[in-house]
Amino acid sequence: MPPLSTSAPVVQPADFRFRCIACGDLSDSAAQNFRCAHCGDLLEITYPRWKDAKPDADDLKSLWRNRRLSLSAVDLSGVWRFRDLLPAIENDQEVISLREGNTPLYELPQCARIAGVPRLYAKHQGMNPTSSFKDAGMTVAATFARRAGFRWVACASTGNTSASMAAYAARGGMRCLVLVPEGKISWSKLSQALDYGAVTCQLRTDFDGCLRLLQELVLRAPVYQLNSINPFRLEGQKTLAFELLEQLDWHVPDHIIVPGGNLGNSSAIGKALLEMRDLGLISRLPKLSVIQAEGANALVRTLREADGKRLVSVQAETRATAIRIGNPASWKKAVNVLEATGGACEQVSEVEIAQAKAEIGAEGIGCEPASAVTLAGLKRLVQKEFVKADETVILVLTGNLLKDPDFTIEFHRGELFQGAEGASATLNRLRRPPVILDATLAAVIRTLEQAEKS
Ligand code: F0G
């Protein structure tokens, strides 16, 4: 007999609604491009049931804790364990899950000292089944794609979304189409999509060009779009914040710092924080800050040059290819959550990213360059006294080190930066290039002795 789950076996027909983030229009269904039928802006999911029957915060906390003892698949998922605050499923078997979520929260004592804060933690979303945070959103969006009867799902991607989508589509018996910028994503991510059976198109454009094309495609062909424009993705990604607060025993940190690319993840985490506050799960909000690479700084410029009122797009360029995005789709949602939580938006250089990544790595925690912008950004926020010397900070590490090994190898071999910057003493101290030796005991002992002195 399959293990019993802790879901109440009730069908909830009017469980959630779509709401336009600009004009507030409410609807029961969404067009294929997930844009408001009236004003064309993005949609988000709301739960009318919370108005009449607000879930009890203490009940939720104990229900979620108890589910950790369950052996049923939905309870073993670190996303569906929080399903009381997600769109309702009709039965547990319809969920497409790879046991996503349940990611560790690591303390980073050395990075805390470097940045100048007393307590620093990494919420490592790179420990998900396909090694990035995308899985948390994908399990929900793929489940609803299959429920809607789609045979094909599709996404534009800088690599991680496509890897995740391909895995969940395969598990759910759906076909999938991937649009990625040719030559601009790491081979590791591309190899995942290929292995999971995606139809992969390397387009001669950038991510923004891929996303534009996808938006047109979904209006012409019966494919379900799984980019973070799809609000089901963001519902799944919310659970990162639920799980984080649970891991902190519901003690609210002062800051959560997240990388910003297409700005879906920051929007999702912000939505979760506001919902947790409204439901009484937490009594105050942490400040949610977004960090971008200097070469892909559309949100930074949108806030500085247009006061967050209109998007300032950029031609994106950065070695942190996951966030090489110049025209972020969810910019308005991100502006809203930054305002609501009082967070900051900061940009960091390529050298700062590489240094931060090596510093995180030196603590035994591997992440990809896009994730390391969080530590680099924290240092800047401490310098600006936005983060105070006695505050607790969480960095959201979005992807695993092995997602982009070329970056790491080039860094340690000293090949990443040509010119003066690359020769900086700080970077050199962090570099651990491999040495090629004759296979003799003497050579290895000499290397050991030299390393001991350095
Ligand atoms: N970090 C990693 C490792 C990512 O892959 C992404 C986005 C981000 C941060 C930024 O998150 O877009 O929600 O602001 N990757 C997408 C992709 C765009 O296609 O894999 P965001």
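## A first look at the fold

Val-290 sits across from Cys-345, a residue of strand E12. That pair is a handy way into this structure, which is a predicted model. Strand E11, residues 287–293, and E12 run parallel and are joined by four bridges.

Two helices lie against this part of the protein. Helix H10, residues 264–278, lies across strand E10 (255–259) and E11, and runs at about 180° to E11. Helix H12, residues 331–341, packs on the sheet and touches E11 and E12, with a direction that makes about 135° with that of E11.

Stepping back, E11 and E12 belong to an open sheet of six strands, ordered E4-E5-E13-E10-E11-E12, with mixed pairing. Strand E4 (105–107) and strand E12 (345–348) are at its edges with a single partner strand each, so one side of each has no neighbour in the sheet. From one strand to the next, the twist averages 25°.

There is also an open sheet of three strands, in the order E2-E1-E3, and its pairing is antiparallel. Here strand E2 (26–27) and strand E3 (43–46) take the edge places, each with a single partner strand, so one side of each is left without a neighbour in the sheet. Strand E1, residues 17–20, pairs with E3 in the antiparallel sense over four bridges. Within that pairing, Cys-20 stands opposite Leu-43 of E3.

The table lists the facing pairs named so far.

| Residue | Opposite residue | Strand of the opposite residue |
|---|---|---|
| Val-290 | Cys-345 | E12 |
| Cys-20 | Leu-43 | E3 |

### Around the ligand

Which residues are closest to the ligand? They are Ser-157, Gly-261, Asn-262, Thr-398 and Gly-399, out of 22 residues that surround the ligand. Helix H6 (160–172), H10 and helix H14 (369–383) are the elements that give two or more residues to this shell. The largest share, three residues, comes from H10, the helix that also lies across E10 and E11. By class, the shell holds five nonpolar, 16 polar and one charged residues.

### One residue up close

Now for a visit to Thr-143, which lies in helix H5, residues 134–147. Is Thr-143 buried or exposed? It has 23 C-beta neighbours inside 10 Å, so Thr-143 counts as buried. Leaving aside residues up to four places away in sequence, Thr-143 touches Ile-89, Glu-94, Val-95 and Ile-96. Leu-381, by contrast, is 238 residues from Thr-143 in sequence and 39 Å from it in space, C-alpha to C-alpha.

### The whole protein

Finally, the overall picture. The protein has 17 helices and 13 strands. Its radius of gyration is 22 Å, close to the 22 Å that the globule rule gives for 454 residues, so the protein is as compact as a globular protein of that length. The C-alpha trace spans about 70 × 55 × 50 Å along its principal axes. Of the 454 residues, 49% are buried. Among contacts between residues at least 6 apart in sequence, 71% join residues at least 24 apart.

Conventions: Residues numbered from 1 in each chain as written. Predicted model: local features only at pLDDT ≥ 70, side-chain atom pairs only at ≥ 80, totals over all residues. Pairing = 2+ DSSP bridges. Axes fitted to C-alpha atoms, helices over the stretch in contact; angles between N-to-C directions. Contact = placed C-beta atoms within 7 Å. Near = placed C-beta within 6 Å. Nonpolar A, V, L, I, M, F, W, Y, C, P; charged D, E, K, R; others polar. Rg over C-alpha atoms; globule rule 2.2 N^0.38 Å. Buried ≥ 20, exposed ≤ 12 C-beta atoms within 10 Å, placed from the backbone.
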